[in-house]
Amino acid sequence: MLRTPRSRAAVVVVLCLVQFVDVLGVTAAIVAIPSMLDGVGAGDAAAGPIATAYAMLFGGLLVVGARLGHRYGHVRMLLVGLVVFALAGATGALAQHAWQLVLARAVQGAASALTVPAALSLLLAAATATGERTKALGLWSAAGAAAGASGLFAGGLLIELFGWRAIFWVNVPLAVGLAAGVRYWVHVRPVQDTEAALDVVGATLLVAAVMGVVLGAALVQEAHSRVLGLVVVLGGVVLGLLLVAWLRRARGPLVSLSSLRAPHLLAGTLGSFVNTAVTSSTAVLLTLYLQRRHGFSAFEAGLTLLALSLAVVIGASAAPRLSRGYGPRRPAVVGLGSMTLGNLVVAVTTFAGDSLATFAAVAGTIVGLLLLGTGLGLSSVAFNDIGTDLPEHEVATATGVLNTGAQLGTAIGVAALLLVGAPGTYGPIPAVSVAVGLAALLGAGATRVVVRWRPD
């Protein structure tokens, strides 16, 4: 299919750019949340749903998206996903109410659940030789890391120059340009499975369960809707129990419970969940804290949070070297420990609050973010290695499960920490310090579990 090295390189670049745009869509929007809330006249309680809508739909539909590609064709699903991503971007840019922003972010997450697995499958089909495959996967990972590293800064810069709506508008030409590139360059056709099970019921229950917890947590933050919020959270928990019951009996489940019981996949999935739960939540809290409490602009907040993204690249680069001779558990433990320490530094810095000079407050925050990012890079690579240490025919499913765990960690972690941080203070203690301290406690508990873990 791909007759020249140039055409093969073009396919790899186009498909890696899909990964870049998807990750950029996540990170660039984080620093825009306070501006979005002000722009549509919403309170901080809406921050949770806006911050997590993308992750909810992406995580809940990722496995279904992969199976749709196998059944109907990866190129077709990639093009559909890009078109939907562009339309959702336009919807967000024109939003006048918070629910419209939540809807736009949710639809973008669903679109990414189509594009990411399709682009990765096409990438692997295009790079068939061993050397090409390794390089292509390296570029794929690098594209995600680059988008993560630049997204916070780029988001802040866009808001500074053009306002928060530019965060959504920019997705339209990017998605249209990528769709044109896919149509022109990508002609590989991976093997299809027209009998692939979709399990729409399982995916619907998963998304509805997480959505109930996240939206319920947002409602609980407001006194007038607190009872309704508790009811919605309870409904989410009930839907989660129904999901477990469904997975036990479904003929083609979203993921089989027996697979989740495999020690390596279970450890990898729980680790992926903790990774994002204790880092993405802190990043969102700091975005609100720096802009609301210290008067930072979106650009200044993005520049501060850039330390997190850059450190992720450093940690991910160091993980393979740390694994040699010790296995992936060593970087997992070091990474979780670093994230725990990073959250403790942030908690202490926010607790000191007004007693610190601006420089000292920023310096403490950056040190905490560097520790968080380095730990996330180390731990993410380690838990991906652990979770995919399975027979070859199970690796594709395992990758989807690991990504789903990471996205759900973001959704549930952000919702939980925003809920804890909502009151403003707990006596003399700032609520943001308590929330970040709880993230540190979760990280410490996960570190202890991994230290004692014996897979065999």
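Author: The second largest pocket is lined by 26 residues, and L206, L243, L260, T404 and L408 lie nearest its centre. A pocket here is an open set of points on a 1 Å grid over the protein atoms alone, with protein on both sides within 12 Å along at least five of seven lines; lining residues have an atom within 4 Å of a point. The elements that give two or more residues to this lining are helix 3 (47-72), helix 9 (200-220), helix 10 (226-249), helix 11 (257-260), helix 12 (263-277) and helix 17 (395-421). Helices are DSSP runs (H or I, at least four residues), numbered from the N terminus. Helix 10 gives the largest share, 6 residues. The space in the pocket is about 650 Å³. A volume is the space filled by probe spheres set on the points, which are joined across faces, edges and corners. By class, the lining has 19 nonpolar, 7 polar and no charged residues. Nonpolar means Ala, Val, Leu, Ile, Met, Phe, Trp, Tyr, Cys and Pro; charged means Asp, Glu, Lys and Arg; the others, Gly among them, are polar.

Now the confidence. This is a predicted model: local features need pLDDT of at least 70, side-chain atom pairs count only at pLDDT 80 or more, and totals for chains, interfaces and linings use all residues. Residues are numbered from 1 along each chain as its sequence is written, and side-chain values use heavy atoms, with hydrogens and water left out. The chain averages a pLDDT (the predictor's confidence in each residue, from 0 to 100) of 85, and 93% of the residues score at least 70. Helix 11, one of the pocket's lining elements, has the lowest confidence, at a mean of 76. Helix 4 has the highest, at 95. Where pLDDT is low, the predicted coordinates should not be read in detail.

The whole structure holds 2 cavities of 30 Å³ or more. In a cavity, a 1.4 Å probe fits but cannot get out. Helix 13 (280-292), helix 15 (329-352) and helix 16 (358-387) each give two or more residues to its lining. Helix 16 gives the largest share, 4 residues. Among the lining residues are Y289, F296, T349 and V362. The classes are 5 nonpolar, 5 polar and no charged residues.

The second largest cavity has about 30 Å³ of space. V18, V21, D22, G81, L82, F85 and T115 line this cavity. Helix 1 (5-30) and helix 4 (74-93) each give two or more of them. This lining does include charge: 4 nonpolar, 2 polar and 1 charged residues.

A search of the whole structure finds 2 salt bridges, each a side-chain nitrogen of Lys or Arg within 4 Å of a carboxyl oxygen of Asp or Glu. One joins D38 and R292, with the closest N and O atoms 3.3 Å apart. D38 lies in helix 2 (residues 33-39) and R292 in helix 13, so the pair ties together parts that are 254 residues apart in sequence.
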